[in-house]
Structure formats: C-alpha cells, structure tokens
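Student: Please walk me through this one.

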Amino acid sequence: MENKELVAKALSNALDGTLNVEDIINKIERPKDSKMGDLAFPTFILAKKFRKAPQQIASDIVEKIDQNDFDHVEAAGPYVNFFLDKAKYSENVIANVLSQASNYGQNNDGNGGNVTIDMSSPNIAKPISMGHLRSTVIGNSVANILSKNGYKPIKDNHLGDWGTQFGKLITAYLMWGNEEDVKKDPINNLVKYYVKFHKVDKEKPELDDVARDWFRKLENGDEEATKLWKWFREVSIEAFEKIYDKLGVSFDTYNGEAFYNDKLQGVVDDLDKKGLLTKSQGATIVDLDKYNLNPALILKSDGASLYITRDIATAMYRDETYHPAMNLYVVGSEQTYYFKQLKAVLTEMGIPSAKDLHHIPFGLITVNGKKLSTRSGRIILLDEVLDDSIEIAKKQIAEKNPDLPNKDEVAKEVGVGAIVFGDLQNEKINNIDFNLEDQLRFEGETGPYVQYARARAESILRKSGKTEFSISDNKLNDAESWNIVKLLNDFPQMVKLACSEFEPSVIAKYSLRLAKAFNKYYAHTKILDDDDEKDARLALVKSVSIVLKESLRILGVKSPEEM
Ligand code: ARG
C-alpha cells in the first residue's frame, strides 16, 4: 500500500469516517524536515467542521489513531506527524513489488483510452536520420509509458511517401537507374539518383518539366509511375525495418502521407463548408490571425495540396477511426511552429481531439560532433552508428567476461541499449552530442551501467540457488537498504510523472538512481551470508532486479541476464 494511503486509512478510521480516504490523501504533506515525521496531516482544514482549535483536533486524533502500523504518531501544533515503521514499511514495499512483479507501477489512469502516436516518420528513398532515431526511440518509450498508465497506444509511422520529389526520383531512375543496384542497396542508390538529378538539372532545367510530368502521372494513377513509386516505397520500408528490428521497435500502422491522398478533397470541402477558407494571391489559406500565427497554406495556386493538408486529413482520420484520448506527434523542435498552426486549424474546424493534440518536440543530436544529413558529402548512417556501438560492446564484453556463452546477443543488447538509453536519459528538448565510447562505459550515467547492475542482481540470485523470494518478519534496517526501499516505493509515481510530461528521461534518471543505490548496497553488504536476514536481503535484491528490468523495458532497452 502507498504510504499516503496507509496514513489516510488510519486517519479516516480515527475520524470515524467523517472524511473519506481519497479526500484525506490529497491533504497529506511530506515535511521538509524529517524530525517532523515522514508524512504529516494539517488539521486546520477540519477546524470549521469540528468547531475546535486545530491543536485540539491534532491531539484528539493522536489519542484515537491506531498506531500499530507506524513507528509512532505525534501531534505538533496543528499537525499530526506520522513516523513510518521502517521495517514494516520495507516489508510492505518489497512484498508489493514481489507480488506484482513486472506489473508493479501499473495504473489505470488512462482507462483504456486510445492514444495515437505519430513517430519515426522518415522519408522514403532517404536514409533515416538521427532525428528520426530520436522520434523512434522517444515515441516507443512514450508508448510504453502510456500503456503502463492504462492507455492504449497506437504507434503510427507517418512516412514521408508523397510529394513532387517522387517525380524527380522516377525521372532520375529511368535515366540512370539499375534494378539490381536498387535491390542490393536501395537507400544509397536512390539517394544517388536523386542527388544526380539535382546536379544535372542545373544545366538542363528542362528535366524539371519531365519530373513534373511524372509526378502528375503518379497523381493520376498512371500504371508505370505507380509501379515504380510502390517499389521505391517497399524497398525503403524494408531498409527501415532492418533498423527498427535492431532497435526492437514495431508499429501498429504505416499510414504515410500517401494514405491520405483520397481524403484531401474531403478536407478542402469541410474547411469550405465551415467558412474557414480564403484566397490569397491565388492560393487557398486558413487565416490564423486570431492565434497570432501565420496563415496555413492549404492549396497552392495550381491546386496542389501541402504537408499541412495531409496532416489535417490525418488528424481527421485518426479522430474518426480511434476517437483518441490524445493525439501525439513526436517530431523535432524545428516543427514547433508548424504544429501550432495544425492545432489551430483543427481547433477552428471543431475536431474533438484538437484540444488533446500535443506536439512532443526534441532537440538535435550529433555523433562525435558530426551532424547527420542527407545532402552533405559524408553522411553518418544510423545503421553504421548502431553497428559501431555493437562492435565496441563486443570488445568490452570479451575483456570483462570472456566465457559468456551468448556474447553476440548480449553485445547487441548492450550496444543498442547504450544508444537508446543515451538518448532517453536527457530531457527531450536538449541537444545532445553522442560520444559512443562514453555511452558504452559500464561506470557512470549510462545504459550499460543500469544493465550491469541488474545483471549483478540476477547473478546473486542465481548463486543463492533459490527461485522463489518472499519477505516476512523483515529486519532490514541499514541505511543502504532503506535507501533502496524508498526508491522502489517511488516507482509508481515516476511512471505517472513520465506520463504527464511525456518524458522518458524521468524513468531513465530514476533507473540510474536505483542502480547506484543498489551498487552501494552490493559493495557494503554480504548478501549471501547465512544469517536470519538473508531471505529479506534476497527479496530486496529480487525487487531491485524486477524494477530495473521494468524501467529498462519501458525505455525500450533489453536486460541481459548476464554480461
Ligand atoms: N516526414 C517528416 C520529416 O521527416 C516528419 C513527419 C512528422 N509527422 C507529421 N504528421 N507531420 O520531417
């Protein structure tokens, strides 16, 4: 039971039910000074009701309250101060973790409501950038956080698979392309054709007309154009999926921009019906003066739709299909202004989920000081970064634990985990520079550090020869285990906080604190000594292992049993 709940129950009984547990819980405070107890209840809120001085109410309560669950309870002025019984408290917390196992920390705040998460969303025929990596791992973790809070996340990969660039790509492929090359290495070759198009196009601007023509054909469903576009899309997705597999991320839907092509007229009609469209220099716009924003450009003067036209269709589709409790977009902070405009247009249209549309922005990421980009000469590919990281992990493991049987598998879990954790431990909005060697250190604020602490815990548990762990008659009263117990007890609140702020770093930072507390305990305590506290110590270690593993799972990081 939560400590506040324990206190609230005792108070409610002492007050003969005049206040119910829920009302009391919100009034309970955590005194800054531990001399004033672990939790405190202010009595002045009852003065009017009881027509008594708060001091009197406090001492009356202390007189009546059942002190059995506490070390002691005392009145101090208008407060009732509760001092927790550490042994009992620890026993409660540990028993709670052990009985709920990986379900520990689960709540039902979301009531099963759908939450659509627009995430990853790379562009077809281009490499996945580090920005898309961030969107993928942040989105994936936010989805896990939402499930842990009782929501039903729907992960949607809003691929950039439509636009005039496909006219250029088709033109370039037909001139210089080779089927075998594309099959072998799709992204690199498609990028090559695209880059060549732009080079040649400078001298031969008539190529632009050819490209425009191909895009028009594509829009009109021409067989050849459609076949090529579908093929580019397919091979691109296959290449992306290799990376998603490495990261251990999957999606519920791949509804890219093209998916909404047949829904765009509906958007324009709806906007028109609601009187929101105006003409400006031939273009069709929605005025957003009221929001202090630039107008949203819905149709160009030639009638072509835009990124936002497709996003309006997307939001409407999600609304009708999922009736989402929230509609989230995990997209870099450079699109913050754009999402304000999108939200404003949807609000004007009266789309129900508009008020629960949240853009979840994040900062830039560089690797060893280098930016990833598709246009500049040398590009750092995400795939290469992941492979480099796995290689470093492999070397470290070979040194540390040469006899490990499943070295390759563990190297993958550590190498990929280091990158994912390295991203998620920072508040999303910060820019981060990645130094692979640093992220892979087993000491310090890294993913491998947390994985290693958990593997250590598992190794002790294996050595104990036991498979069932339980706690009764607890006698743990050292400072190190008390520290761990308090952290274990915090986990459910961390799960809630991470959700209300869409912030995986809350869980990552928490897991570092718990791993650190555990390592301290491990260094100071002979866990496997045969005395009558051994079972309690093992139960504590098992609880730590459960919560570290669950924290890492929420982040999308694997927990090797041994490393
Ligand atoms: N494809 C876009 C890009 O790479 C991101 C799409 C974000 N999602 C959205 N619904 N606009 O910049």
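Student: What are the helix and strand percentages over residues 122–132?
Tutor: In this predicted model, the stretch is 27% helix and 0% strand, with its end C-alpha atoms 6 Å apart. Helices (H or I, at least four residues) and strands (E, at least two) are DSSP runs, numbered from the N terminus. Residues are numbered from 1 along each chain as its sequence is written. Local features need pLDDT of at least 70 and side-chain atom pairs 80 or more, while totals for chains, interfaces and linings use all residues.

Student: What does UniProt list for 122–132?
Tutor: The unreviewed UniProt entry lists a short sequence motif, the 'HIGH' region; such annotations may be inferred rather than shown by experiment, and positions follow the numbering used here, with feature names shortened.

Student: Next, at what angle do H7 and H11 cross?
Tutor: The axes of H7 (165–176) and H11 (223–247) cross at roughly 100° and come within 11 Å. Axes are lines fitted to C-alpha atoms over the stretch in contact, with angles from 0 to 180 degrees between N-to-C directions. The two helices are therefore roughly perpendicular (65 to 115 degrees).

Student: Which residues make that contact?
Tutor: H7 contributes Phe-166, Leu-169, Ile-170 and Tyr-173, and H11 contributes Ala-225, Leu-228, Trp-229 and Phe-232. Contact requires C-beta atoms, placed from the backbone, within 7 Å.

Student: And the sheet: what is the strand order?
Tutor: The order is E1-E3-E2, an open, antiparallel sheet of three strands. Strands pair if DSSP finds at least two bridges between them. E1 (39–42) and E2 (70–76) are the edge strands.

Student: How many bridges join E2 to E3?
Tutor: Six bridges join E2 to E3 (79–84), and Phe-70 stands opposite Leu-84 of E3.

Key. Parallel < 35°, antiparallel > 145°, perpendicular 65-115°, else oblique. Contact = placed C-beta atoms within 7 Å.
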